[in-house]
Amino acid sequence: MSNLIKFKIDGVECMAEGGKFIVEAAAENGIYIPTLCNMKGVKPKGACRICSVRINGRLMTSCTTPVTDGMEIESESEEIRELRRSIVELLFVSGNHFCPACEKSGSCELQALGYYYQMMVPRFPYEFPQKGVDATSSKIIKDQNRCIFCKRCIKTIKDEEGRSFFAFRNRGHRTEVVLDPVMAEKMDDATAQLAMENCPVGSILVKEKGFDKPIGTRKFDKQPIGSDIKL
Amino acid sequence: MTQVMNNKLRKILDGKGVAKDLKDLKEWSKVLNASRCGLGQTAANPIVSSLKNFRPLYEQLIQKDTDFDEGFDMKSAVQASCNYVGRVPNFNHH
Amino acid sequence: MTKKITIEPVTRVEGHGKVTIHMDAQGNIQQSRLHIVEFRGFERFVQGRPYWEAPVLVQRLCGICPVSHHLAAAKALDVIVGAGTGDGLTPTGEKMRRLMHYGQFFQSHALHFFHLSAPDFLFGVDGDPAIRNIIGIALTKPELAVQGVMMRKFGQEIIRATAGKKIHGTGAIPGGINKNLSIEERDEFLKGADPLNADKMVSWAQDALDFFKGYYHANKDFVDNFSYFPSNHLSLVRKDGALDLYHGVLRAVDADGKKILHDIDYQEYADYIEEEVRSWSYMKFPYLKEYGKEKGWYRVGPLARLNTCDFIPSPLAQKEFEIYKALTHGKPNNHCMLMHYARLIETLHAAEKIHELLNDPDLLGTDLVTKGTKQKEGVGLIEAPRGTLFHHYRINDNDQIEMANLIVSTTNNNEPMNKAVNNVAKSVMTGKEVITEGMMNAVEVAIRAYDPCLSCATHALGKMPLEITMIDPNNVVLDQKRSH
């Protein structure tokens, strides 16, 4: 552990191995920085911007920025909190997220962040986009209404040869994450289950499996997101 | 975000905007500073700089004397509901 | 010159409705209608959703009896996942659902009786509207108000323990239930601190029944003559003819007690029941096919249930049932106001059943879900507090709901409520120059007896503005009165 360096998050002295991404370094020091598109063990992409922090006056995503010696990071300032809340609200207005009838309610990271940032109602007008549900595969339902384009499924759900089951289609605001219909036929139950678990929202649902986890036992029922990291 | 701002701009162009919409555009543009790429970070610039330099043109388009957006007056609604149940409203609390 | 009277909104009911009464120059009632002016559209937007979402999605129809919708949908989906037509579940699955349902009955009936209807009994139909509400009860008879609140609480806690949440839980899933009852939860209900335990609830249910019986005997003429009209009655009954609120066969009797629908399997309901749409209401009018639109309409709810069933399978309620049946010499009861009587007998039944189920070890079992050969279509019926509730779903090859048809309890009571409104309007308003608030409330009392759930929300504490407008044939407003 010779590589230990010192840095500060919101004025708190922290220590970690140099070169670690800020999110992980912060977690090791008991500081929670929210993430949505980031997943342990997967190359970070910095897509959702929810982990934005201010370093030397610039906004950076802490999942893609390695920590360096003497770095001063601003994470929980009112400005950054407001930015993160805006991002959560934007995700809510740009899709159709109806928590009441969603299987993921209680285990959903987006919902949990909504609670974490005490979002009441989005400041932005709802877009109510027309989006479809693809239920043609035998294992999975892909509900486009709830997709937040985090790319986690594309990066983690692959066959033995490393080919992704999911892919992007179209561009701009017409972008969709779709399931390859040919590959979908080969998907086994375990992969389907993993895809559902890796989805931060309720966009990927395993067929015929819903609501079997009672209220009160779901991931964020008892404590808010980030509680496992916070000191 | 660009989509949200675009919709807002259209609302103003359609003559349905109010003063608050201009404020919102300016405020909301800050979110784009966190964008991933340079294109995203500068996407709001045309709106922000035109608002700064040609504000009167925007103001010609918006409806004056009305805040249609917030047509709901909390104070009078509370007062009305209190009248029904015979309570004294506590406005300081809100 | 004709007059048109509008009562809008109707207060102390769930949801929003209005009444219009047309009078001719002599003050005779030409026509009265109850309009349901809300449109919900659940049948449409559940289309395309995965079928297992239905029980959780459609229960959002209502905040008073979501459990009924939740369970009716789950029962329909039991058929779809091949778990049988309502009786193929594991003992734990079925009994947990029953417990949830009885909890729901208990709280909903308590809500209706104490909060919505009792003010009319305590203060009179034409009592001072300023105190004729739950607040008035709390001020004059605090123990009664507390009882109402605590009975609701107990029912709600039962729902929480079975469905995960007091309102809009997720307990029932296609083919079973997602949790059993823990020993701690069970003991809390059985031995909880006074008054929140099952024994107290049974005795309070008896008290409420005694309270109504007292009112009934003191006001027998009024109650017996208030909006009496013969009708058919329809409900589920257990195969042996017992009152069963969760599952059974469909039976209907006519006003004299003759069976006109012979204990049919409800999967075939569409062969026996049709619905008519009328232009002035968003609510459809169902009727028995065989008897046509004119004669085939029927009542559902507590009155109907006690008319169709042969006995009640719980001792205290059965005893009360015998006293109640003796009033009409064993014949069906067609008295609108005795719906309250019937409702309270059911409340007692629900309390007894809760007590009985809590002592059943099956609730602690771990075998929760059954599945079999998948079907494309399923029908689920349940006796909701307000009457028979129909849920019918068809799915496509991709497990998405293709068609949904819901006939909710209040829809079944649509024609009877219109009849009741007409009846009361005729008897209290005919030939009257001045329409008083008391007369308007009488119309509402008739509607209230059916405990209609006009949509999803309770806005009504008897404090909402009531508006009456008199309009001449040229639509000139003659008079307008507003009370609150």
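Start at C:Ala446. Beyond its neighbours within four places in sequence, C:Ala446 is in contact with C:Ser227, C:Cys336, C:Ala420, C:Val421 and C:Val424 (contact: C-beta atoms, placed from the backbone, within 7 Å). This is a predicted model, where local features need pLDDT of at least 70, side-chain atom pairs count only at pLDDT 80 or more, and totals for chains, interfaces and linings use all residues. Residues are numbered from 1 along each chain as its sequence is written, and chains are lettered from A and ligands numbered from 1 in the order in which they are written.

C:Ala446 belongs to the largest nonpolar core. Such a core is a set of buried Ala, Val, Leu, Ile, Met, Phe, Trp, Tyr and Cys residues joined through C-beta atoms within 7 Å; buried means 20 or more other C-beta atoms within 10 Å of a residue's own. This core has 200 residues, and C:Leu77, C:Ile345, C:Val421 and C:Ala446 touch the most other members. Helix α4 (residues 91-123) of chain C gives the largest share, 13 residues. Helices are DSSP runs (H or I, at least four residues), numbered from the N terminus.

Now take helix α3 of chain C, residues 66-80. Its 15 residues reach 21 Å from first C-alpha to last, close to the 21 Å expected at 1.5 Å a residue (1.5 Å times one less than the number of residues). Of the 15 residues of α3(C), 15 are buried, so the helix is largely enclosed by the rest of the structure. Just after α3(C), C:Gly82 takes a positive phi of about 80°.

Finally, the predictor gives the complex an ipTM of 0.89 and a pTM of 0.86.

Note on methods:
Helix = DSSP H or I, 4+ residues; strand = E, 2+ residues; numbered from the N terminus. Buried ≥ 20, exposed ≤ 12 C-beta atoms within 10 Å, placed from the backbone. Contact = placed C-beta atoms within 7 Å.
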